[in-house]
Amino acid sequence: MFERTGAGPTRRGVLKSGGAVLGGGLLAGCTGSGGQSAANDTTGTESTTSSRTGSYTVTMSPMGSVAFEGVPKSLFVVFPQYADMAVALGHGDAVNTIYSPELAGGIMSTYTARLKGVSPKWSQLPDPLADGLSKERLYGLGSDVHFLDPAYASTQQNWNRSDVDEIASNVGPWFGNFYSGTHDKPPSTWQDRLVQLVPDNLIELSTFVL
């Protein structure tokens with residue numbers, strides 16, 4: 001649980017926040033639009049290849065419905081479970097940041113090195129929270145989507161809801177639900193939009209980058 005405004009997440013916090021969204025990664029290989037499989041798995045063990053084309057909409061609190069014109073090409077990632085899901089969906093190379101690349105990047109490399117065709121250089125990615133969450137960095141990265149709860153982003157130093165809305169409008173949408181994963185209360189300005197994750201939310205999350 002993150003308690004200090006503007007502070008970077010602790011290792012314990014990273015691990016705890018991952019539990020609720022990991023289910024999305026587990027469903028990713030077999031769930032697509034209209035209930036059809038959106039991936040081809042040739043061996044049952046190797047990473048899948050996505051097949052989704054065209055626009056689609058994903059719904060999860062607190063963002064509501066987020067429309068995408070196609071599969072995002074660049075993914076802003078803080079917590080490593082999102083990078084893990086991107087790899088599982090065949091989009092590991094789209095990840096452009098990861099928190100604590102020396103730690104999380106090393107752990108990710110230990111596992112992904114064993115996967116055929118997966119070779120992201122995790123430890124060389126920039127830390128998205130180095131010196132705090134920076135709008136300048138977000139503009140510079142130009143990510144198609146930011147895998148971070150906008151409610152959590154609004155608690156960072158020198159950030160508020162208008163800053164979150166600015167990035168969503170000018171760069172790319174936010175997509176994450178930190179507070180349901182930690183069973184914690186979001187900032188008061190977001191409580192009306194937050195609900196506990198349910199299976200449907202996880203299914204929608206799993207179809208996001210297919």
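Which backbone oxygen lies 2.7 Å from a polar atom of the side chain of Thr97? The views below come from a predicted model, and the first one takes up this question.

**View 1. Thr97 and its surroundings.** The backbone oxygen is that of Val77. It lies 2.7 Å from a polar atom of the Thr97 side chain. Thr97 sits in the loop between helix 3 and helix 4 (101-112). Its relative accessible area is 0%, so Thr97 counts as buried, the cut-off being under 20%. Leaving aside residues up to four places away in sequence, Thr97 touches Leu75, Phe76, Val77, Leu125, Pro126, Pro128 and Leu141.

**View 2. The largest nonpolar core, around Val95.** This core has 42 residues. Leu75, Val95, Trp122, Leu133, Leu148, Trp174 and Phe175 have the most contacts inside it. Helix 3 (residues 80-88) gives the most to this core: five residues. Val95 touches Leu75, Val77, Ala83, Ala86, Trp122 and Leu125, again not counting residues up to four places away in sequence. Leu75, Val77 and Leu125 are among the residues that Thr97 touches as well. In soluble globular proteins, nonpolar side chains tend to be buried together.

**View 3. The hairpin of strand 3 and strand 4.** Strand 3 (residues 56-60) and strand 4 (residues 64-68) run antiparallel. Five bridges join them. Three residues lie between the two strands of this hairpin. Tyr56 stands opposite Phe68 in strand 4.

**View 4. Tyr152 and Phe178, a tilted pair.** The structure holds seven aromatic pairs. In the pair of Tyr152 and Phe178, the centres are 5.1 Å apart and the planes are at 40 degrees. Tyr152 belongs to helix 6 (residues 150-153), Phe178 to helix 8 (residues 178-182). The pair links distant parts of the chain, 26 residues apart. Tyr152 and Phe178 are both buried. Ring pairs also tie Phe79, Tyr152, Phe178 and Tyr179 into a cluster.

**View 5. Trp159 and Trp174, an edge-to-face pair.** Here the distance is 6.0 Å centre to centre, with 85 degrees between the planes. Trp159 is in the loop between helix 6 and helix 7 (161-170). Trp174 is in the loop between helix 7 and helix 8. This pair, too, links distant parts of the chain, with 15 residues from one partner to the other. Both Trp159 and Trp174 are buried. Trp174 is also one of the residues with the most contacts inside the largest nonpolar core.

**View 6. Arg161 over the face of Trp190.** Arg161 lies at 3.9 Å from the ring centre of Trp190.

Definitions and conventions:
Residues are numbered from 1 along each chain as its sequence is written. This is a predicted model: local features need pLDDT of at least 70, side-chain atom pairs count only at pLDDT 80 or more; totals for chains, interfaces and linings use all residues. Side-chain values use heavy atoms; hydrogens and water are left out. A nonpolar core is a set of buried Ala, Val, Leu, Ile, Met, Phe, Trp, Tyr and Cys residues joined through side-chain atoms within 4.5 Å. Buried means under 20% relative accessible area, exposed over 50%, partly exposed in between (1.4 Å probe, protein chains only). Helices (H or I, at least four residues) and strands (E, at least two) are DSSP runs, numbered from the N terminus. Contact means heavy atoms within 4.5 Å. Two strands pair if DSSP finds at least two bridges between them. Rings of Phe, Tyr and Trp (its six-membered ring) pair if their centres lie within 6.5 Å; planes under 30 degrees apart count as stacked, over 60 as edge-to-face and the rest as tilted. A charge sits over a ring if NZ of Lys or CZ of Arg is within 6 Å of the ring centre and within 35 degrees of the ring normal. A polar contact is a pair of N or O atoms within 3.5 Å; within protein, one must be able to donate a hydrogen and the other to accept it, and residues adjacent in sequence count only if both atoms are side-chain atoms.
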